[in-house]
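Subject: A structure for you to look through

Hi,

Here is the structure I promised to pass on. Have it open while you read, and follow along in the viewer.

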Amino acid sequence: MAENHHHHHPPDKNKSFVKNGLCDDISLPSPRSPHSIMFSDTSSTDPLSSRSIEKESLDQSDELTSSHVRNVSQHIDRITDFLSTSDDKSNPPEVPDTVETFAKIIESRISKYNSGVSRSKSCKMTEEDSFFIEAVMRISKLTNAISEFPANSNTSQSLNRTSMVLQRAMAFLEEELRSLLEDSTPQDAAANNSNNNKFLKNSSFKTKNEQLADGSTLQEESDEYFSDDEYPGYSSEIVTKMKRIVSAMIAAGYENECCQVYTISRRNAFYEQLKKLEYEKINMDDIWRMNWDSLEGEIKRWINVVRSCSGTLFPGEKRLVQFVFASRPALSRGIFTNLARLEVIRLLDFPGAVSMTKRAAEKLFKFLDMHEALRDLIPALTDSCSDDWEEEIKLEISAACDRIGKAAVNIFCDLENSIKSDVAKTPVPGGAVHPLTRYVMNYMKYACEYKETLEQIFEQYEKLEQSAAGGTTVTPKFSHNTTPESDGESPHNSDTEQTPFSKQLVKVMDLLDSNLEAKSRLYRDISLGYVFLMNNGRYILQKVKGSSEIHHVMGDNWCRRRSTVVRQFHKNYQRETWVRLLHILSHEGIQLNGGKINKPLLKERFKNFNTVLEEIHKTQSTWVVSDEQLQSELQVAISAVVIPAYRSFLGRFKQYLESSKQVEKYIKYQPEDIETLIEGLFEGNYSSMARRRT
């Protein structure tokens with residue numbers, strides 16, 4: 001092409017070109033073959049020096065030194081500037097031979113890349129790679145400058161030539177970008193990382209932070225943001241290559257092709273990550289038919305996927321696209337939006353189906369885990385997507401949160417029905433802690449570990465209820481109403497701020513109290529009924545004190561009131577059991593007028609005391625007080641009342657019976673013996689009951 005220009009139009013060169021020195025002879029050999037253009041810097045000790053080995057098999061006249069290539073590049077820049085700034089677009093100039101030379105330089109480089117002769121085996125951005133991308137940028141600008149002139153014999157051939165080379169270069173860069181995205185695995189990057197970093201930091205490309213043809217600069221901070229052991233697993237060198245290729249393609253007008261390659265590759269990579277997490281989309285009907293064990297496993301897997309998306313995958317994709325498309329922020333947001341939107345929609349189908357499954361108490365905590373996972377997904381997408389789509393995606397996630405939240409509220413409120421429906425007519429043996437008490441308090445303890453989430457859910461549910469009622473104030477079904485049995489004096493009236501969730505918690509406690517009070521009346525022995533209330537009351541108190549979350553909701557005042565209630569049960573028990581025994585030790589009627597002792601009555605009193613004490617021991621040694629501290633407190637309190645009274649009675653009257661026959665029949669116990677009997681109370685069937693059961 002260059003020879004034709006010289007042959008057909010030697011005398012007619014545009015004077016402007018001559019004046020501007022654009023047709024000066026730069027002493028370039030004619031590149032006869034695309035394979036003949038090579039660097040001649042054979043003295044270099046870096047990896048580029050390997051090219052000298054290839055050159056030995058080529059004719060030396062076919063080689064271009066790096067200084068010659070720089071001269072050609074600078075000449076092309078002057079030609080482009082001249083064409084771009086020309087005011088007269090109607091008089092197209094003849095394009096110099098340098099354009100053909102430069103076109104062949106680019107074709108030579110593409111051919112060698114494709115043949116594998118010059119393709120870099122490491123992930124670093126070589127000097128040769130840097131030159132090629134800049135050369136493509138130059139041919140792109142030159143093509144645009146030539147296209148501004150009307151088509152004629154002077155420019156049409158050159159325009160066709162540069163356009164063809166540009167198209168070929170873009171096809172190569174497109175494939176190179178795809179290869180970098182798909183084949184630059186973390187393992188590949190890790191294998192080369194130690195050597196590459198050393199080379200890259202010593203190269204002019206890295207340290208100069210040079211300006212590219214599109215005006216952007218190489219971001220040195222890529223080293224800080226990308227590591228081959230973090231998702232998406234590319235080294236900083238790889239993403240730098242991607243960034244420069246993308247910048248070149250966009251500048252050349254190949255934005256759509258560039259975005260398509262990137263989007264498809266990253267979407268496939270994202271799918272691979274989901275497959276590694278063993279996530280597969282499940283049909284709604286299959287979800288509804290699953291038993292809980294199977295569904296629980298699927299929920300765990302889904303939560304793991306969502307947390308990976310919010311904590312690793314989406315941030316990684318966001319970081320990558322923002323760096324690679326740094327020159328086009330709006331474009332990077334659009335690409336990320338397309339990826340995130342499709343994945344979020346796929347993920348949201350599952351909680352929608354799960355929320356419609358049959359309600360059951362054991363599902364609550366998995367539902368709360370799902371709600372938290374969805375809630376944490378929103379920040380990962382904030383300020384990342386296109387404005388119009390970001391709001392839509394957030395609304396979709398919020399709607400899914402609301403559906404799961406509503407299901408969780410209904411499950412928690414079903415606890416009321418569980419308590420109300422527990423109307424067993426057989427009392428728990430020994431007055432032990434009732435299974436219902438254990439179930440409800442453990443349920444409350446675990447639920448309060450999600451206190452923050454439940455507060456959010458109940459508040460949102462209350463808003464939705466009011467909205468459904470047309471904005472009027474409504475009384476939600478979880479609002480606090482004291483039970484008839486409490487007569488407005490519930491020990492659960494919290495001293496902390498009442499929220500929708502705390503009100504529900506208080507309501508559950510009140511219902512449990514009412515249920516336990518009813519169950520205590522199932523015992524024929526009133527004393528055992530009080531032991532039952534004592535046991536359950538103490539268990540509830542200890543559970544609340546042992547859980548900072550429940551304690552925070554119920555408050556210190558509640559704990560003090562609950563302690564008072566338990567102490568009252570204790571007093572009632574002592575009154576029913578031991579006051580009767582102490583009444584037997586009354587001195588009334590024993591001492592007759594004149595100081596005589598009514599021995600028959602005294603004997604009767606001792607016999608009655610022995611009989612009643614033995615009955616109490618026989619009965620109450622089978623009763624259960626599983627809380628060691630409570631058991632000890634009871635025994636100490638009983639001993640403190642009974643033993644001094646018996647010791648006093650015995651000391652006062654035993655002298656009158658010591659001369660009697662069968663004195664041991666009446667004075668059967670010493671104070672120490674009674675203490676031993678008292679220590680045997682409330683042991684229950686310990687062999688079958690865990691003393692510290694929770």
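You'll find Glu 278 in the loop between α12 (255-276) and α13 (284-289). Its backbone is worth a look too: phi of Glu 278 is near 60 degrees, a positive value in a residue other than glycine. As background, most residues other than glycine have a negative phi.

Before going further, please keep in mind that this is a predicted model.

**The whole chain**

The chain has 26 helices and zero strands. Buried residues make up 49% of its 694 residues. If you take the contacts between residues at least 6 apart in sequence, 79% of them join residues at least 24 apart.

In soluble globular proteins, nonpolar side chains tend to be buried together. Here, the largest nonpolar core has 178 residues, and the members that touch the most others are Trp 302, Phe 314, Phe 325 and Tyr 573. Helix α14 (residues 292-324) gives the largest share of this core, with 14 residues.

Leaving out residues up to four places away in sequence, Phe 325 touches Val 246, Ile 250, Cys 258, Cys 259, Tyr 262, Leu 331, Ser 332 and Ile 335.

**Helices that pack together**

Two packed helices are described by the angle between their axes and the distance between the axes.

- *α5 and α7.* Helix α5 (residues 98-115) packs against helix α7 (residues 156-183) at an angle of about 25 degrees, and the axes are 10 Å apart. Angles under 35 degrees count as roughly parallel, so that is what α5 is to α7. α5 passes α7 in a left-handed crossing. On the α5 side, the residues in the contact include Val 99, Ala 103, Ile 106 and Ile 110, and on the α7 side they include Met 164, Val 165 and Phe 172. This contact divides into nine nonpolar, three polar and five charged residues.

- *α7 and α11.* The axes of α7 and helix α11 (residues 236-251) come within 10 Å and cross at roughly 150 degrees. Because angles over 145 degrees count as roughly antiparallel, α7 is roughly antiparallel to α11. The crossing, in which α7 passes α11, is left-handed. Among the residues that meet here are Leu 173, Leu 177 and Leu 180 in α7, and Ile 238, Ile 245 and Val 246 in α11. By class, the contact of α7 with α11 has 11 nonpolar, no polar and three charged residues.

- *α21 and α25.* Helix α21 (residues 526-546) and helix α25 (residues 628-653) have axes that come within 10 Å and cross at roughly 135 degrees. α21 and α25 are therefore oblique to each other. Their crossing is right-handed. Met 534, Asn 535 and Arg 538 of α21 make the contact with Gln 629, Leu 630, Glu 633 and Leu 634 of α25. Sorted by class, that contact has three nonpolar, two polar and two charged residues.

Where does Gln 670 sit? Gln 670 is in the loop between α25 and α26. With 37% relative accessibility, Gln 670 counts as partly exposed. Gln 670 and Arg 647 are 23 residues apart in sequence, and their C-alpha atoms are 8.0 Å apart in space. Leaving aside neighbours within four places in sequence, Gln 670 is in contact with Tyr 646 and Leu 650.

Phe 682 is found in the segment after α26 (671-679). Phi of Phe 682 is near 65 degrees, again a positive value in a residue other than glycine. Phe 682 has a relative accessible area of 0%, so it is buried.

Last one: Glu 416, in helix α17 (residues 387-421). At 7% relative accessibility, Glu 416 counts as buried, because the cut-off is under 20%. Glu 416 lies 24 residues from Val 440 in sequence, and the two are 9.8 Å apart from C-alpha to C-alpha.

Note on methods. Residues are numbered from 1 along each chain as its sequence is written. This is a predicted model: local features need pLDDT of at least 70, side-chain atom pairs count only at pLDDT 80 or more; totals for chains, interfaces and linings use all residues. Side-chain values use heavy atoms; hydrogens and water are left out. A nonpolar core is a set of buried Ala, Val, Leu, Ile, Met, Phe, Trp, Tyr and Cys residues joined through side-chain atoms within 4.5 Å. Buried means under 20% relative accessible area, exposed over 50%, partly exposed in between (1.4 Å probe, protein chains only). Helices (H or I, at least four residues) and strands (E, at least two) are DSSP runs, numbered from the N terminus. Contact means heavy atoms within 4.5 Å. Axes are lines fitted to C-alpha atoms, for helices over the stretch in contact, and angles run from 0 to 180 degrees between N-to-C directions. Angles under 35 degrees count as roughly parallel, over 145 as roughly antiparallel, 65 to 115 as roughly perpendicular and the rest as oblique. A crossing is left-handed if the near helix is turned anticlockwise from the far one by less than a right angle, and right-handed if clockwise. Ala, Val, Leu, Ile, Met, Phe, Trp, Tyr, Cys and Pro count as nonpolar, Asp, Glu, Lys and Arg as charged, and the others, Gly among them, as polar.
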